[in-house]
Amino acid sequence: MKRELMTSTEFTAIVSDHDIKLPTSIEILGSIYEIRYESEDNDNDMKNLEGCCDNPMKLIKINQCLWDEDQPIRSSRNLFYVLRHEIVHAFFFECGLGDECDYAMNEELIDWIALKSPQIFRAMNKAGILKDGYENVA
């Protein structure tokens with residue numbers, strides 16, 4: 001079945017009908033990255049990709065094909081995982097580790113961090129050690 005082509009804004013509106021909030025931008029180490037939800041039919045860069053991070057453009061693209069209207073909970077988990085994955089890429093790039101070493105492009109490492117980060121942060125939060133001294137800074 002051919003999917004209906006949607007803009008990024010139309011897509012986030014449909015997903016939000018399920019009480020799922022998708023970000024449209026994120027600040028990563030002082031750089032603002034736009035987040036777009038693209039159809040692979042609208043964007044040749046998204047063919048066979050779930051997401052991609054374009055560091056020079058400060059752009060993260062997520063493929064709309066991850067969304068299945070019949071399975072919103074599973075779909076949201078997939079969207080969030082791919083978002084985390086691309087955000088980890090962006091953090092490595094913004095730290096300067098994209099050109100100096102292969103960390104930013106090591107898919108196994110990026111996948112592991114994206115998969116385990118919620119558990120890691122939950123454990124750190126429970127232990128009360130997520131504080132970095134910047135909590136009260138505007």
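Student: How do you know that S3 and strand S4 (residues 59-63) pair?

Tutor: This is a predicted model. In it, four bridges join S3 to S4. Pairing needs at least two bridges, so S3 and S4 count as paired. The two strands run antiparallel.

Student: Which residue stands opposite Cys52?

Tutor: Lys61 in S4 does. Arg36 also stands opposite Lys61.

Student: What makes S2 and S4 a pair?

Tutor: Five bridges join them. The cut-off is at least two, so S2 and S4 pair. These strands run parallel.

Student: And how do you know that S1 and S2 pair?

Tutor: They share four bridges, in the antiparallel sense. At least two are needed, so this is a pair too. Ile26 stands opposite Tyr33 in S2. S1 and S2 form a hairpin with two residues between them. Leu29 in the turn has a positive phi of about 50°.

Student: What is the order of the strands in the sheet?

Tutor: The order is S1-S2-S4-S3, in an open sheet with mixed pairing. Strand S1 (25-28) and strand S3 (51-54) are the edge strands, for each pairs on one side only. Neighbouring strands are turned by 20° against each other on average, direction ignored.

Student: What makes a residue such as Ile62 part of the largest nonpolar core?

Tutor: A core residue must be buried, under 20% relative accessible area, and joined to others through side-chain atoms within 4.5 Å. The largest core has 24 residues, and Ile62 is among those with the most contacts inside it. Helix H2 (72-94) is one of its suppliers. H2 gives the largest share, eight residues. Ile62 touches residues including Leu79, Val82 and Leu83.

Methods. Residues are numbered from 1 along each chain as its sequence is written. This is a predicted model: local features need pLDDT of at least 70, side-chain atom pairs count only at pLDDT 80 or more; totals for chains, interfaces and linings use all residues. Side-chain values use heavy atoms; hydrogens and water are left out. Axes are lines fitted to C-alpha atoms, for helices over the stretch in contact, and angles run from 0 to 180 degrees between N-to-C directions. Buried means under 20% relative accessible area, exposed over 50%, partly exposed in between (1.4 Å probe, protein chains only). Contact means heavy atoms within 4.5 Å. Lists of a residue's contacts leave out its neighbours within four places in sequence.
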